[in-house]
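Dear colleague,

I am handing over the structure that I have been looking through, and my notes on it follow below. Please read them with the model open beside you.

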Amino acid sequence: TQVGVAQRFKVKKNPTITGLQELVTYGLKGVCAYMHHAEVLGKSDAQISQDIHQVLHFLTTNAADDPNALLTTSLQLGEINLRVLALLDSGHTTRYGVPTPTQVSRVPVKGKSVLISGHDMVDLEALLQQTEGKGVNVYTHGEMLPGHAYPELKKYPHLKGHYGGAWYKQKKDFHKFPGAILMTSNCILEPLSSYRANIFTTGEVGVSGVTHAPNRQFGPVVEAALAMPGFTGDEDFSKEAALPPFTVGFGHGTVLSVAGDVLDAVKAGKLEHVFLIGGCDGSEPTRKYYSNLGKMLPDNTMTLTLGCAKFRLLDQDWGNLPGTGLPRLLDMGQCNDSYGAVVVAQALADALGTDVNSLPLSLDISWFEQKAVAVLLTLLHLGVKNIRLGPRMPAFLTPEAVSILVEKFDIKPAQIGAPDTDMQQMMINK
């Protein structure tokens, strides 16, 4: 039996309805993923759970064949996701404190090592606790980078830095890593034989033939790290040393603490435009669009970034906004921290007496999976328009479904071959 989106298009025969049904389905998956992250942090909400079940029920009814009802439900799902993201934000800050700007080294130090990749900060906390005093250094990978900004995590001196880049580069990164590796979320790729024996999974993650460490019992991970050579101090990290250190910790609390300076820069003409470039990253060459766009942005602009798409921007030295002490690049965290961007945009709009769409702000989102769809629906629920999606429109969105979103929300496909044109259009809020 054949299953999947392509098969549904053949069976359903109505591309508009099928595309919008898939929009709801993928968005629902994203909302549930975020809700799971919140539950791991000890947060739950009975009303949110009920609302999620109501959307599931909607998909089984005849109303799910009505384009207007599907669009309405999509926006309702965006509102649900906004509450989930707020819950997740509260879970992080309640447990680990408010993120603060922190520089993170790219250069490993001599010693035994564990690399942790994925999303769940609870796993990072447990790993830090179980490696404390064992002579094992901990490094983050991928979307664990923002963990360095939380006071209750960075207090551990053996949290030494960040190793490697985005999730899709893990085979190259893990092949070179001389210690144990712990995967905490769905970003794992089929391991290479060179590191298969020293990679571990936890939580819902599992790969055939890979040792699973249930219930955050990471003893086997620590034992593997102690048995491996670790970094000797003789490795050549001159390339990493030549790059600027990662700077993380610009959550909404930090950004809003300097909101007055940002507004003054706007009024004085020192800050002409703000870009949000973030979302998911992947291996397609077309995603270089985001790196190229970042290099083209004028010095009198600022960029907010989040999600693993940030790695398209982090290798360049952004410096400060001329005439101010404000950094031009603000890393707001994981995709799980998308709530922060919403809070900042709404606060700036309120301070200027306008709405989000009238701000000198443009969103250029790199799409890959269901959590990005959930965030998109939240933005649409809030009435945000002129969002660019790339490097291509989601495959489940048929041309007919896309036309509805374009008509109602002015969603635009990123011009992958012409980032300079996109930049010029965004600078004038188009």
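Strand β2 (residues 112–117) is mostly covered, with five of its six residues buried; strands here are DSSP runs of E with at least two residues, helices are runs of H or I with at least four residues, and both are numbered from the N terminus. Buried stands for under 20% relative accessible area, exposed for over 50%, and partly exposed for what lies in between (1.4 Å probe, protein chains only).

Please keep in mind that this is a predicted model, in which local features need pLDDT of at least 70 and side-chain atom pairs count only at pLDDT 80 or more, while totals for chains, interfaces and linings use all residues. Residues are numbered from 1 along each chain as its sequence is written, and side-chain values use heavy atoms, with hydrogens and water left out.

To return to β2, this strand pairs with β3 in the parallel sense over six bridges, and Leu-115 stands opposite Tyr-139 in β3; two strands are said to pair if DSSP finds at least two bridges between them. Strand β3 (residues 136–141) in turn pairs with β4, again in the parallel sense, over three bridges, and there Thr-140 stands opposite His-162. These strands belong to an open sheet of six, with parallel pairing, in the order β4-β3-β2-β5-β6-β7. Because β4 (159–162) and β7 (211–212) stand at its edges with a single partner strand each, one side of each is left without a neighbour in the sheet.

Another open sheet is formed by six strands in the order β11-β10-β9-β12-β13-β14, and the pairing is parallel. Its edges are taken by β11 (329–331) and β14 (412–413), each of which has a single partner strand, so that one side of each lacks a neighbour in the sheet. Within this sheet, β9 pairs in the parallel sense with strand β10 (residues 301–305) over four bridges, where Thr-301 is the bridge partner of His-273. β9 also pairs with strand β12 (residues 361–366), in the parallel sense and over six bridges, and Ile-277 stands opposite Asp-364 in β12.

How many of the seven residues of β9 are buried? Seven of the seven residues of this strand (residues 273–279) are, so β9 is largely enclosed by the rest of the structure.

Gly-91 has its place in helix α4 (residues 67–96) and is buried, with a relative accessible area of 2%. If residues up to four places away in sequence are not counted, Gly-91 touches Leu-41 and Lys-43, a contact being heavy atoms within 4.5 Å. Gly-91 and Ile-48 are 43 residues apart in sequence, and their C-alpha atoms lie 15 Å apart in space.

Asn-336 sits in the loop between β11 and α13 (338–351) and counts as buried at 2% relative accessibility. With residues up to four places away in sequence again set aside, Asn-336 touches Tyr-34, His-37, Leu-85, Leu-88, His-92, His-119 and Lys-371. Asn-320, by contrast, lies in the loop between β10 and β11 and counts as partly exposed, at 45% relative accessibility. Under that sequence cut-off, Asn-320 touches Gly-325, Leu-326, Pro-327 and Arg-328, whereas Val-3, which is 317 residues away in sequence, is 51 Å away in space, C-alpha to C-alpha.

As for the chain as a whole, its secondary structure comes to 16 helices and 14 strands, and 55% of its 430 residues count as buried. The radius of gyration is 22 Å, which agrees with the value near 22 Å for a compact globule of 430 residues; the radius is taken over C-alpha atoms, and the globule rule is 2.2 Å times the number of residues to the power 0.38. Along the principal axes, the C-alpha atoms fill a box of roughly 60 × 60 × 40 Å. Among contacts between residues at least 6 apart in sequence, 73% join residues at least 24 apart.

With best regards
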